[in-house]
Amino acid sequence: MRRDWKRSLLCWAALSPVLVLTLFPFAIMLSTALKPTAEVLIYPPRWLPIHWSLHSFVAMWQAVHFGVGLENSLTIGALSTLLVIAVSVPAGYALCRFPFAGRASYRQFLLTTQMLSPVLLVLGLFRLAASIHIDGTTLVDTRLAVIVAYAGFNLAFAIWMLASYFSAVPTELEEAAWIDGCGRLRAIIHIFLPLALPAIAVTAIVTFVACWNEFVVALTLLRSPSKQTVTLQVVNLVAGRYTVEWNQVMAATLAATVPVAALFIWLQRYLVRGLALGGVK
Amino acid sequence: MILPSLALALFIIAYPFADIVNLSLHDVSRFGLLRAFTGLGNFRRILADPSFLVALRNTFMWTAAVVGGTVLVSIPVALVLNTDFHGRGIARGLIMLPWAVSLALATIVWLWAFNGNYGMINALLQRAGLIAHPIQWTAQAITAFPVEIGVGILVSIPFTSTILLGGLSAMPLDIYEAARIDGASPWQQFRSLTLPLLRPFVNIAVVLNVIHVFNSFPIIWIMTEGGPDNSTHILVTYLYELAFRLGRPGEAAAVSLIMLAIVFTFTALYLRMQARETA
């Protein structure tokens, strides 16, 4: 297909309604975050601030406990992702390389756990955390509980995605290594893993973003502000309040969103391929 | 090699599931203490609860409207993104952007945009002369629920169009060549080549979206918490309110199980449909 300007213009025009709606929230975030408090609640609202101000970014850092939230989100996201990858790489490898007994039922099991959304089990999760006692307290309101729960719920997707990528790595390379006298484990470490690394990286990032954006489990398990994730801290500024400092809220939302958004744009083409492969096979 | 994954999944999913089954069959105090075995008492009570029935009806409306709207918008979006044009990479990135935003945070932004007094939506509509007075969008069920559905559609578009785009980019180009030589118009090509080839991907997108939207919690919880007057509850938000606000864990467990049954029925139906198609 050839590219020409007329077609390009038409395509952009066709996409414009969706693009406007997509970008609208970002415009709102920026517009509100850059206003001083006095200009947020004026009527009628205006897009551009009269006095530009970065004050809300400074103010929200304290009001939202943003630094603490950031640290919690990063810790929880990173450790859950690590746990997911550590568990799902061997599982994915086994799933696509060994015709072990019960493979079909294992697949079925994964599919089933994939369908169970955390919301449906959140009551049971809460009671599970409350029933485990460590050092005289329960696991409610600990980051550990959230980390393990996230890992459990992201596992099926990770295994599924890894297995579909792994099966695209040719077996012949490993077989050649065995013939040359290389042990099974060494073949995996030196031949297979380097080839599978991009797939593992993509899966890790998708898992991390899912943990970063999760809401219900964190809402239920994390009570004290010193342990809550960024998302929860921001929601707390809005939910059940009579006066909301919208410029601070929007500044915090923007700050919590932009890094993940950048990651996603970079990942976009890998995702298109991965989902297409995994979804239909 | 699959043992660690099995252990983790069983611990996080099977144990809570068994606990919920157990809860649903007992009379449970608001602090979670099991009292008497009541059999199906919790289920009977929940089925007689008018708020539950409203939530059930809302859930079906919510799922059908969001999934239907999303797929209808995503098909043309994916088709356009699959044609070769200047700046396609940028356009793809922009369309995918909302995917990266957490649902909770996106909802907060829309909540502010739909703010009755200072929100930008009212200002834009008034400036365009479409409404005379500001509308209190989230304060009344008649506007709140459609607003929530709209937000639901918007946040589901990136994922759905990505799946469809994946399907489109895997299509063989030579059959289009052949069709063009045989004199097929672009519309005919779309009807008899693109649509049938896209079918499996549309199916996947519908199934994944139905499961996801049916269980979607943050939009409604943050915008209206099921209010005003329980009118915008869907099953998940009602379940959460029963469990953690109203102190009725036994009934909440019953709602969980009813929802699980609905999800499983839907998936089983889908799997059978798919099996028949490939047979």
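**Notes on a two-chain helical model**

1. Let's start in chain B with helix α5, residues 103–113. This helix is mostly covered: 11 of its 11 residues are buried. If you want to find them in the viewer, the buried residues of α5(B) are B:Leu103, B:Ala104, B:Leu105, B:Ala106, B:Thr107, B:Ile108, B:Val109, B:Trp110, B:Leu111, B:Trp112 and B:Ala113. Keep B:Ile108 and B:Trp112 in mind, as both turn up again below. One thing to know before going on: this is a predicted model.

2. Now the chains as a whole. Chain A has 12 helices and two strands, and chain B also has 12 helices and two strands. For chain B, the pattern reads α-β-β-α-α-α-α-α-α-α-α-α-α-α.

3. A few overall numbers for each chain. The C-alpha trace of chain A spans about 75 × 70 × 30 Å along its principal axes, while that of chain B spans about 75 × 60 × 35 Å. In chain A, 42% of the 281 residues are buried; in chain B, 46% of the 279 residues count as buried. Then look at contacts with a sequence separation of 6 or more. In chain A, 75% of these are between residues 24 or more positions apart, and in chain B, 67% join residues at least 24 apart.

4. How many residues does each chain bring to the contact between them? Chain A gives 74 residues and chain B gives 77 residues. On the side of chain A that touches chain B, the largest share comes from helix α12 (residues 246–280) of chain A, with 17 residues. Sorted by class, that side of chain A has 55 nonpolar, 15 polar and four charged residues.

5. Next, the nonpolar core. The largest one has 161 residues, and those with the most contacts inside it are A:Val146, A:Ile159 and B:Ile108. Which helix gives the most to this core? That is helix α7 (residues 143–166) of chain A, with 18 residues. Click on A:Ile159 and, leaving out residues up to four places away in sequence, you'll find that it touches A:Ser88, A:Ala91, A:Gly92, A:Leu95, A:Leu110 and B:Ser5. So as a general background point, nonpolar side chains tend to be buried together in soluble globular proteins.

6. Here's a helix pair in chain B. Helix α3 (residues 50–82) and helix α7 (residues 141–169) of chain B pack at an angle of about 45 degrees, and their axes are 7 Å apart. Because of that angle, α3(B) is oblique to α7(B). The crossing of α3(B) past α7(B) is right-handed. The contact of these two helices has 16 nonpolar, nine polar and no charged residues.

7. And a helix pair in chain A. The axes of helix α4 (residues 66–97) and helix α9 (residues 184–213) of chain A come within 9 Å and cross at roughly 140 degrees. That angle is why α4(A) is oblique to α9(A). Here too, α4(A) passes α9(A) in a right-handed crossing. Among the residues of α4(A) that take part are A:Ser73, A:Ile76 and A:Gly77, and the residues they meet in α9(A) include A:Ile200, A:Phe208 and A:Trp212. By class, the contact of α4(A) with α9(A) has nine nonpolar, five polar and no charged residues.

8. Finally, two threonines to look up in chain A. A:Thr32 sits in helix α1 (residues 5–33) of chain A. Is A:Thr32 buried or exposed? With 27 C-beta neighbours inside 10 Å, A:Thr32 counts as buried, because the cut-off for buried is 20 or more. Not counting residues up to four places away in sequence, A:Thr32 touches A:Val40, A:Trp246, A:Asn247, A:Met250 and B:Trp112. A:Thr32 and A:Ala251 are 219 residues apart in sequence, yet 7.8 Å apart in space, C-alpha to C-alpha.

9. The other one is A:Thr112, in helix α5 (residues 103–115) of chain A. A:Thr112 has 15 C-beta neighbours inside 10 Å, so A:Thr112 counts as partly exposed. A:Thr112 and A:Thr220 are 108 residues apart along the chain, and their C-alpha atoms are separated by 23 Å.

Key. Residues are numbered from 1 along each chain as its sequence is written. Chains are lettered from A and ligands numbered from 1 in the order in which they are written. This is a predicted model: local features need pLDDT of at least 70, side-chain atom pairs count only at pLDDT 80 or more; totals for chains, interfaces and linings use all residues. Two residues are in contact if their C-beta atoms, placed from the backbone, lie within 7 Å. Helices (H or I, at least four residues) and strands (E, at least two) are DSSP runs, numbered from the N terminus. Ala, Val, Leu, Ile, Met, Phe, Trp, Tyr, Cys and Pro count as nonpolar, Asp, Glu, Lys and Arg as charged, and the others, Gly among them, as polar. Axes are lines fitted to C-alpha atoms, for helices over the stretch in contact, and angles run from 0 to 180 degrees between N-to-C directions. Angles under 35 degrees count as roughly parallel, over 145 as roughly antiparallel, 65 to 115 as roughly perpendicular and the rest as oblique. A crossing is left-handed if the near helix is turned anticlockwise from the far one by less than a right angle, and right-handed if clockwise. A residue is buried if 20 or more other C-beta atoms lie within 10 Å of its own, exposed if 12 or fewer, and partly exposed in between; C-beta atoms are placed from the backbone. A nonpolar core is a set of buried Ala, Val, Leu, Ile, Met, Phe, Trp, Tyr and Cys residues joined through C-beta atoms within 7 Å.
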